[in-house]
Amino acid sequence: MMHRAAARRTLLAALGATAILTTQRIASGATTDATGTGLDDPDKKDIAMRLVCSAENSSLDWRAQYKYIQDIGDGRGYTGGIIGFCSGTSDMLALVELYTERVPGNALAAFLPALRAVDGTDSHEGLDPGFPSAWRKAAKTSAFRAAQDDERDRVYFGPAVASAKKDGVGTLGQFVYYDAMVMHGPGTDSASFGGIRTRALANAATPAEGGDETTYLNAFLDARVWAMEQEAAHEDTTRVDTAQRLFLDQGNLNLDPPLDWKVYGDSYYIG
């Protein structure tokens, strides 16, 4: 099952943050060494994707989720793909627009007018009955899978990692930021990623400011739990409590396997 916070409704207004964060990353001199730094390392990025998938899809096989499409009744319309793009929160529309730019006349292109019309709502008008089957058909193509990867990185993964590096946190912290960005969206209101970070900064200094990394990440996770508790759909905070907080309590700031955690009562393991 996918889980989303209401803050993702502000997604389009926040997309410009990607470019800003990239500029900040360059200005701060953040670089990647030859062996990879944090989630820049492909193996670490894969671990991050598997961890998110355990919470979003009750699975570690994130690559099996390209074809996923369902209305889970959370008020965000259809949810689909590897990161839970939603028809009601702009990112699904942006994804299909990108795919259509690359592959005109694809199976989803005919639904663009309907996706624009339902954006910001939970409506299926113009999408039923054919949209889910068209999504699954598109997911069989490498072009649509690549578009999902690219939009995930542009809107969620890239900004999260860049922000984490700017704040001086390592691999675990970069994942903590990424998971928050996925659930809460890159907005600035109190229940969004930006709001969570602001709440954390009120209670602890980042490593970049001379603060202790573990202390800061605990403050960020405290703020994340607060944000989750503001919405009934996210009152179960185990993706923080018995996963991210567990790794932090173990001192595993580099997110090194083996990893053993639980989400929503289900157990997972990466050796």
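Predicted model: local features only at pLDDT ≥ 70, side-chain atom pairs only at ≥ 80, totals over all residues.

**Helix packing, sheets and salt bridges**

Author: Helix H4 (residues 91-102) and helix H7 (residues 142-166) have axes that come within 9 Å and cross at roughly 130°. Axes here are lines fitted to C-alpha atoms, for helices over the stretch in contact, with angles from 0 to 180 degrees between N-to-C directions. Helices (H or I, at least four residues) and strands (E, at least two) are DSSP runs, numbered from the N terminus.

Reader: OK. Which term describes H4 against H7?

Author: H4 and H7 are therefore oblique to each other. Angles under 35 degrees count as roughly parallel, over 145 as roughly antiparallel, 65 to 115 as roughly perpendicular, and the rest as oblique.

Reader: Is the crossing of H4 and H7 left-handed or right-handed?

Author: H4 and H7 cross right-handed. A crossing is right-handed if the near helix is turned clockwise from the far one by less than a right angle, left-handed if anticlockwise.

Reader: Which residues make the contact?

Author: From H4, Asp91, Ala94, Leu95, Leu98, Tyr99 and Arg102. From H7, the list includes Phe144, Asp150, Glu151, Arg154 and Tyr156. Contact means heavy atoms within 4.5 Å.

Reader: And by class?

Author: The H4 contact with H7 has 9 nonpolar, 1 polar and 5 charged residues. Ala, Val, Leu, Ile, Met, Phe, Trp, Tyr, Cys and Pro count as nonpolar, Asp, Glu, Lys and Arg as charged, and the others, Gly among them, as polar.

Reader: How do H7 and H8 cross?

Author: The axes of H7 and helix H8 (residues 171-184) come within 8 Å and cross at roughly 140°. That makes H7 oblique to H8. The crossing of H7 and H8 is right-handed. Val155, Phe157 and Val161 are among the H7 residues there, and Tyr177, Tyr178 and Met181 among those of H8. By class, the H7 contact with H8 has 11 nonpolar, 3 polar and 2 charged residues.

Reader: Switching to strands. What order do E1, E2 and E3 take?

Author: The order is E1-E2-E3, in an open sheet with antiparallel pairing. Strand E1 (69-71) and strand E3 (85-86) stand at the edges with a single partner strand each, so one side of each has no neighbour in the sheet. Strands pair if DSSP finds at least two bridges between them.

Reader: Which helix packs on the sheet?

Author: Helix H6 (residues 131-138), which touches E1 and E2. The direction of H6 makes about 155° with that of E1.

Reader: What about E4 and E5?

Author: E4 and E5 form a hairpin with 2 residues between them. Tyr264 in the turn has a positive phi of about 50°. Strand E5 (residues 266-270) pairs with E4 in the antiparallel sense over 5 bridges. Trp261 stands opposite Tyr268 in E5.

Reader: Last one. How many salt bridges does the structure hold?

Author: It holds 16, each a side-chain nitrogen of Lys or Arg within 4 Å of a carboxyl oxygen of Asp or Glu. One joins Arg63 and Asp46 (3.2 Å, N to O). Those residues are 17 apart: Arg63 in the loop between helix H3 (42-57) and E1, Asp46 in helix H3. Asp74 also forms a salt bridge with Arg76, with the closest N and O atoms 3.4 Å apart.

Key
Residues numbered from 1 in each chain as written. Heavy atoms only, no water.
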